[in-house]
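Me: I would like to learn how to read some features of a model at the level of helices and single residues. Please take them one at a time.

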Amino acid sequence: MKVAFKNPKTGELKAVKVGFSWVLVLFSGVFGLPLFLRQLYGLGAFMAAWRVFVILISIIPMSGDAREGLVPLLFVVDVGLVVWLGLKGNEYTGKNLLNHGWVFVKPDSLEAQFAASRWGIELTATATA
């Protein structure tokens with residue numbers, strides 16, 4: 001299910017899916033690129049820094065025992081991060097749009113009501129078009 005947002009100043013429309021984001025799961029590990037495209041700059045910077053950290057750890061020479069313990073840990077954390085982004089990314093995108101002045105196109109629609117309840121936001125406070 002998608003919910004539509006409108007920028008009241010420019011008239012631009014965007015649709016945000018309510019639920020899991022496969023795009024973020026599959027591509028946020030590429031230096032946070034989809035997060036930057038969604039204007040989630042803090043999360044994008046974190047994912048870019050995380051990726052640089054993982055690359056540096058993988059090329060720094062260290063003993064076999066240290067690497068054997070660290071690589072699986074980094075892998076688990078990496079998978080956990082992208083799954084968490086898949087679960088919460090669309091919510092953060094919708095909330096970010098609302099925080100930047102966007103409004104629901106149809107605040108009375110079932111889609112907008114469903115999104116507001118899933119994202120834990122007050123629909124009446126954001127429904128000023």
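Predicted model: local features only at pLDDT ≥ 70, side-chain atom pairs only at ≥ 80, totals over all residues.

Me: At what angle do the axes of helix α3 and helix α4 cross?

Reply: Helices (H or I, at least four residues) and strands (E, at least two) are DSSP runs, numbered from the N terminus. An axis is a line fitted to C-alpha atoms, for helices over the stretch in contact, and angles run from 0 to 180 degrees between N-to-C directions. Here the axes of α3 (residues 41-59) and α4 (residues 64-99) cross at roughly 165 degrees and come within 12 Å. α3 is therefore roughly antiparallel to α4. Angles over 145 degrees count as roughly antiparallel, under 35 as roughly parallel, 65 to 115 as roughly perpendicular, and the rest as oblique.

Me: What is the handedness of the crossing where α3 passes α4?

Reply: A crossing is left-handed if the near helix is turned anticlockwise from the far one by less than a right angle, and right-handed if clockwise. The crossing of α3 with α4 is left-handed.

Me: Which residues in α3 and α4 meet?

Reply: Contact means heavy atoms within 4.5 Å. From α3 the residues are Leu 43, Phe 46, Met 47, Trp 50, Arg 51, Phe 53, Ile 57 and Ser 58. In α4 they meet Arg 67, Leu 70, Leu 74, Val 77, Asp 78, Leu 81, Val 82, Trp 84, Leu 85 and Tyr 92. The residues of this contact divide into 14 nonpolar, one polar and three charged. In that count, Ala, Val, Leu, Ile, Met, Phe, Trp, Tyr, Cys and Pro are nonpolar, Asp, Glu, Lys and Arg are charged, and the others, Gly among them, are polar.

Me: Which residues in helix α5 are buried?

Reply: Buried means under 20% relative accessible area, exposed over 50%, and partly exposed in between (1.4 Å probe, protein chains only). In α5 (residues 110-119), Ala 112, Ala 115, Ala 116 and Trp 119 are buried. Seen down the axis of α5, these buried residues fall within an arc of 100 degrees, so they line one face of the helix. The arc is that of the directions from the helix axis to the C-beta atoms. The face turned away from the buried side carries the exposed residues Leu 110 and Ser 117. Just after α5, Gly 120 takes a positive phi of about 70 degrees.

Me: Where is Phe 31 found, and what is its phi?

Reply: Phe 31 is in the loop between α1 (22-27) and α2 (33-37). Its phi is near 55 degrees, a positive value in a residue other than glycine. Phe 31 counts as partly exposed because its relative accessibility is 39%. Gln 39, in the loop between α2 and α3, has a phi near 65 degrees, also positive in a residue other than glycine. At 36% relative accessibility, Gln 39 counts as partly exposed.

Me: What does Asn 96 touch, not counting residues up to four places away in sequence?

Reply: With that exclusion, Asn 96 touches Arg 38, Gln 39 and Leu 40. Asn 96 lies in α4 and counts as buried because its relative accessibility is 13%. Asn 7, in the loop between β1 (2-6) and β2 (13-17), is buried at 14%. Not counting residues up to four places away in sequence, Asn 7 touches Glu 12 and Trp 102.

Me: How many residues apart in sequence are Leu 13 and Val 103?

Reply: Leu 13 and Val 103 are 90 residues apart in sequence and 9.7 Å apart in space, C-alpha to C-alpha. Leu 13 is in strand β2 and counts as exposed, at 57% relative accessibility. Leaving aside neighbours within four places in sequence, Leu 13 is in contact with Phe 5, Lys 6, Trp 102 and Val 105. Lys 14 is also placed in β2 and is partly exposed, with a relative accessible area of 30%. The C-alpha atoms of Lys 14 and Gly 94, 80 residues apart along the chain, are separated by 9.7 Å.

Key: Residues numbered from 1 in each chain as written. Heavy atoms only, no water.
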